[in-house]
Amino acid sequence: MRATLIYGAGDVRVEDVPDPRIQQPTDAVVRVLRSCICGSDLWPYKSRPVTEQGDRIGHEFLGVVEELGSDVSGLKSGDLVVAPFVWSDNTCDFCAEGLQTSCRHGGLWGADSVDGGQGEAVRVPQAQGTLVKLPVAEDSALLPSLLTLSDVFCTGHHCAVTAEVDARTTVTVVGDGAVGLSAVLAARRLGAERIILMGRHRDRTDLGRDFGATEVVPERGEEGIERVRELTGGDGTHTVLECVGTLPALQMSLGVVRAGGTVSRVGAPQYNDVPLGFQEFMNNITLTGGVAPARAYIDELLPDVLEGKVEPGRVFDRTVGLDDVPAGYRAMDDREALKVLIRP
């Protein structure tokens, strides 16, 4: 089959790789119908050291079950399924606590001889705990929105949930990428009536307004902090959803949060030191967030997607075939595309 590999910064290739096969009785083989490129894929795309042998990449996909291991129940060949971006047994103590990302028997796509999601098919370990059946046809117009349950919409939802967003909280979302826009959508779904989106790309912030943002602040740094403070009578907002992962984004988040408020970060952090000093201590600021346990949220979010109450699939603004995945990476890296959908 064909699949995507990364060999170094800026070097993504689509090559022939071995067809996936059942290796453990808990495995399944899934034929991929839709995959995509994640903003977090751009970090290795920008910085990965060059190697002679490429690594598989991609962690968001949905598809059709083609084969099942002998220990897998609740699924059958032909089922349409979505896979969270971390595979898990969904039965261990961490999974029972809603932390499937810390599953004692789980792991990452594209690591330890497991297929990446950007290919024609995937061997799915712990298939019974990982895969979620979707009650739609293979040609459903809902596939893009259902694919966001693999990662991006669940990540935005996790950011809002850990910040305890509800109808009583004001919200600032830092970042107008796909995760930031998903966080806007999630915050609105949870009842937030005032959502300030910090972003400066008009096409993206326009979508953010459609998703529920009430105001847009294009300024950055101290200027952006001052603008949000002006909009909130000097106080800042109760919650801040940091969806970028850079130190300036976190510093901006801490600058616009209200005393007693919460900053939730879900952008994969590209820094080691967190600037929580005496001022944040005196203001009783809470820092939370982390990697989203998507499997914990799919069952909750799926009905709203199926009913069309939310349309997170609108974050996809470009579709490519598998052979054009390298061009998709370039488009996202050059900010010519918000999020690229892949149709193998």
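Trainee: Is Tyr329 buried or exposed, and what is its relative accessible area?
Mentor: Good place to start, and keep in mind that this is a predicted model. Buried means under 20% relative accessible area. Tyr329 falls in the buried class, with a relative accessible area of 0%.

Trainee: What kind of aromatic pair do Phe61 and Trp109 form?
Mentor: Their centres lie 5.1 Å apart, with 75° between the planes. Planes over 60 degrees apart count as edge-to-face. Both residues are buried, and their pair is edge-to-face.

Trainee: Why does the pair of Phe61 and Trp109 tie together separate parts of the sequence?
Mentor: Phe61 lies in strand E5, residues 61–68, whereas Trp109 is in the loop between strands E8 (107–108) and E9 (121–124). The pair therefore joins parts whose separation in sequence is 48 residues.

Trainee: Where is Asp41, and which side chain of opposite charge is nearest to it?
Mentor: Asp41 is in the loop between strand E3 (28–36) and helix H1 (42–47). Beyond its neighbours up to four places away in sequence, Asp41 touches Cys36, Ile57, Gly58, His59, Gln118 and Tyr329. Asp41 is buried yet has no salt bridge, and the nearest side chain of opposite charge, 6.6 Å away, is Lys339.

Trainee: Which ring does the charged end of Arg13 sit over?
Mentor: The charged end is 3.7 Å from the centre of the ring. The ring belongs to Tyr7.

Trainee: How many residues of helix H6 are buried?
Mentor: H6 covers residues 178–189 and reaches 16 Å from its first C-alpha to its last, close to the 16 Å expected. Its buried residues include Leu181, Val184 and Leu185, and what covers the buried residues includes helices H5 and H7. H6 is mostly covered, and the buried count is 9 of its 12 residues.

Trainee: What is the relative accessible area of Leu62?
Mentor: Leu62 is in strand E5. Leaving aside neighbours within four places in sequence, its contacts include Val32, Leu33, Val81, Leu143 and Leu147. Leu62 is buried, and its relative accessible area is 0%.

Trainee: Where is Ser113, and what is its relative accessibility?
Mentor: Ser113 lies in the loop between E8 and E9. Its phi is near 65°, a positive value in a residue other than glycine. Ser113 counts as exposed, at a relative accessibility of 68%.

Trainee: And where is Asn284, and what is its relative accessible area?
Mentor: Asn284 is in the loop between helix H10 (278–282) and strand E16 (286–289). Although not a glycine, Asn284 has a positive phi of about 55°. Asn284 is exposed, with a relative accessible area of 56%.

How values were computed. Residues are numbered from 1 along each chain as its sequence is written. This is a predicted model: local features need pLDDT of at least 70, side-chain atom pairs count only at pLDDT 80 or more; totals for chains, interfaces and linings use all residues. Side-chain values use heavy atoms; hydrogens and water are left out. Helices (H or I, at least four residues) and strands (E, at least two) are DSSP runs, numbered from the N terminus. Buried means under 20% relative accessible area, exposed over 50%, partly exposed in between (1.4 Å probe, protein chains only). Lys and Arg count as positive and Asp and Glu as negative; His and the chain ends are not counted. A salt bridge is a side-chain nitrogen of Lys or Arg within 4 Å of a carboxyl oxygen of Asp or Glu. Contact means heavy atoms within 4.5 Å. Rings of Phe, Tyr and Trp (its six-membered ring) pair if their centres lie within 6.5 Å; planes under 30 degrees apart count as stacked, over 60 as edge-to-face and the rest as tilted. A charge sits over a ring if NZ of Lys or CZ of Arg is within 6 Å of the ring centre and within 35 degrees of the ring normal. The expected span of a helix is 1.5 Å times one less than its number of residues.
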